[in-house]
Amino acid sequence: MKTAMLERTVLEMPTATERLDFLLDEAVVLIADATPRAATERSRRAAFDAGEKLTQANKICPHGEWLSKLKAKGIPQQTADNHMAYYRIVSKLPTISNLPQ
């Protein structure tokens, strides 16, 4: 699923602030696609991708600024926590290709 609204990739952005804003903007779009009522493959993927973006953003966010950054983007803290937890759990699950035979 491609949600990039900007043509530059995260790695091409010169400052951590630009990368952080980009990741949070993408998370907002993905959270909107990850509606809890629609348990479709698309919504599950959007929830996973939102969790990944939020996790990446959290890692580069300066200490003590995470909650204010979430609030500025209109992302409730519990929503961010839920998506990041979903990402952590699902990313640890084995895939079909690496299951023992």
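1. Basis of the note. This is a predicted model, in which local features need pLDDT of at least 70 and side-chain atom pairs count only at pLDDT 80 or more, whereas totals for chains, interfaces and linings use all residues. Residues are numbered from 1 along each chain as its sequence is written, and side-chain values use heavy atoms, with hydrogens and water left out.

2. Overall make-up. The protein has 4 helices and 0 strands, and along the sequence these follow the pattern α-α-α-α; helices (H or I, at least four residues) and strands (E, at least two) are DSSP runs numbered from the N terminus. Of the 101 residues of the protein, 31% count as buried, where buried means under 20% relative accessible area, exposed over 50%, and partly exposed in between (1.4 Å probe, protein chains only). The accessible surface comes to about 6,900 Å², with 56% of it belonging to carbon and sulfur atoms; the areas come from the Shrake-Rupley method with a 1.4 Å probe, and for residues only the protein chains shown count as cover. Among contacts in the protein with a separation of 6 or more, 59% are between residues 24 or more positions apart, a contact being heavy atoms within 4.5 Å.

3. Confidence. The mean pLDDT of the protein is 81, and 76% of its residues reach 70 or more; pLDDT is the predictor's confidence in each residue, from 0 to 100.

4. Helix 1 against helix 2. Two packed helices are described by the angle between their axes and the distance between the axes. The axes are lines fitted to C-alpha atoms, for helices over the stretch in contact, and the angles run from 0 to 180 degrees between N-to-C directions. The axes of helix 1 and helix 2 come within 8 Å and cross at roughly 160°, and the two helices are therefore roughly antiparallel to each other; angles under 35 degrees count as roughly parallel, over 145 as roughly antiparallel, 65 to 115 as roughly perpendicular and the rest as oblique. The contact includes Leu 23, Glu 26, Ala 27 and Leu 30 of helix 1, and Lys 53, Leu 54 and Ala 57 are among the residues of helix 2 that take part.

5. Lys 53. Within helix 2 (residues 41–60) lies Lys 53, which is buried, with a relative accessible area of 18%. Not counting residues up to four places away in sequence, Lys 53 touches Leu 23, Glu 26, Ala 27 and Leu 30.

6. Helix 2 against helix 4. These helices pack at an angle of about 105°, with their axes 7 Å apart, and are therefore roughly perpendicular to each other. Among the residues making the contact are Ala 47, Ala 50, Gly 51 and Leu 54 of helix 2 and His 83, Met 84 and Tyr 87 of helix 4.

7. His 83. This residue of helix 4 (residues 77–92) counts as buried, at 10% relative accessibility. Leaving out residues up to four places away in sequence, His 83 touches Ile 31, Ala 34, Ala 47, Ala 50, Gly 51 and Leu 54.

8. Helix 1 against helix 3. The two pack at an angle of about 50°, with their axes 10 Å apart, and that makes helix 1 oblique to helix 3. The contact is made by Leu 20, Asp 21, Leu 24, Asp 25 and Val 28 of helix 1 together with Trp 66, Lys 69, Leu 70 and Lys 73 of helix 3.

9. In helix 3, Lys 73 is partly exposed, with a relative accessible area of 25%, and touches Asp 21, Leu 24, Asp 25 and Val 28, not counting residues up to four places away in sequence. Lys 73 and Asp 21 are 52 residues apart in sequence and 8.8 Å apart in space, C-alpha to C-alpha. Pro 62 is also partly exposed, with a relative accessible area of 40%, and the C-alpha atoms of Pro 62 and Ala 16, 46 residues apart along the chain, are separated by 9.2 Å.
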